[in-house]
Amino acid sequence: MEIRYWSDIACPFCYIGSNRMKRAMKEIGIYDETPLKFKSFELDPHAPQKTTESYINHFTRGNKALEPQAKQQMAYIQSMAKGDGLPMDINSVVPTNTGDAHRLIKLAESKGDPELTEKVIKRFYQVYFNDGESIADHDVLTNAAVEVGLDKDDVEKVLNSNEYHQDVVNDESEAHQSGIQAAPFFVINNKYAISGAQPYEVFLKALKQIQTEESKENA
Amino acid sequence: MDKEKINFSSLESVGNQADAGICGPDGCSIEDHRRQVAKNKKKAEDDK
């Protein structure tokens, strides 16, 4: 089986959905042997590098009338995350640009160690959704990336250049050309699609079904 | 780049997409939550 998913660090449902997918992969025993490839999908490539904007203002795009509904939705997202055991303090989110985080994920992938890549992705989600720090801040990114195993010199070299930018753009072009307009979006074996943070049971059922089909094909 | 591009139209959707939370350029959408709120509201009205 091969799984690719388009995702952004600033996307709460990507954080939740990818965790559910990994949990389902572990449940049926394919996590260690199945490539799970992260594909970049920046929700807002033009988001600022620095901001004083609150997450709720970002969520409502400044429309005060939407605040009660937004608060309810944010609380719901946080309860979903906590229900899945994911740390989230949604009111502390600093809504800045995720482009450099995506480039560092590409750096991690270049090391050929899927576990390292997963650690970097997970740490970046925590920075964005739980730590109350800016994911665009180079010091924050460097500390987070080095903490989980990336080499500091490698990280600084990427952050001080444009390296891996084209890889991020290529992922996003592929998504747009394919008609993918929202994240997370999972593609399994280039045949099946799962859109959004579906309930865990949906991921599990889908993987079991595909695994059964694969077994029949290989019999 | 991946060796195989997606043929989007040939992908088979799995799961009920309306139940999922998704984020796009226009923000995040929680269909399930909205439906649940509507359902609760209807139940509250029916209970009156």
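I first located A:Arg61, which sits in the loop that links helix H2 (55-60) and helix H3 (67-83) of chain A. Helices here are DSSP runs of H or I with at least four residues, strands are runs of E with at least two, and both are numbered from the N terminus. The phi of A:Arg61 is positive, about 55 degrees, although A:Arg61 is not a glycine. I noted A:Arg61 as exposed because 10 other C-beta atoms lie within 10 Å. The scale I used calls a residue buried if 20 or more other C-beta atoms lie within 10 Å of its own, exposed if 12 or fewer, and partly exposed in between, with C-beta atoms placed from the backbone.

For the record, this is a predicted model, in which local features need pLDDT of at least 70 and side-chain atom pairs count only at pLDDT 80 or more, while totals for chains, interfaces and linings use all residues. Residues are numbered from 1 along each chain as its sequence is written, and chains are lettered from A and ligands numbered from 1 in the order in which they are written.

I then turned to A:Asn189, in the loop between E3 and strand E4 (192-195) of chain A. A:Asn189 is not a glycine, yet has a positive phi of about 55 degrees. A:Asn189 is partly exposed, because 14 other C-beta atoms lie within 10 Å.

I also checked the peptide bond from A:Ala183 to A:Pro184 and found it cis, with omega near 0 degrees. A:Pro184 belongs to the loop between helix H8 (165-178) and strand E3 (185-188) of chain A.

Next I looked up the interface. How many residues of chain B are in contact with chain A? I found 22 residues of chain B in contact with 29 residues of chain A, where contact requires C-beta atoms, placed from the backbone, within 7 Å. Strands E1 (12-13), E2 (21-24) and E3 (27-30) of chain B each supply at least two residues of the side that touches chain A. E2(B) gives the most to that side, with 4 residues.

I looked at strand pairing across the chains, which requires at least two bridges found by DSSP. E4(A) and E1(B) run parallel and are joined by 2 bridges. A:Ala193 stands opposite B:Ser13 in E1(B).

Last, I noted A:Glu115 in helix H5 (residues 114-129) of chain A. A:Glu115 counts as exposed because it has 11 C-beta neighbours inside 10 Å.

Definitions and conventions
Contact = placed C-beta atoms within 7 Å.
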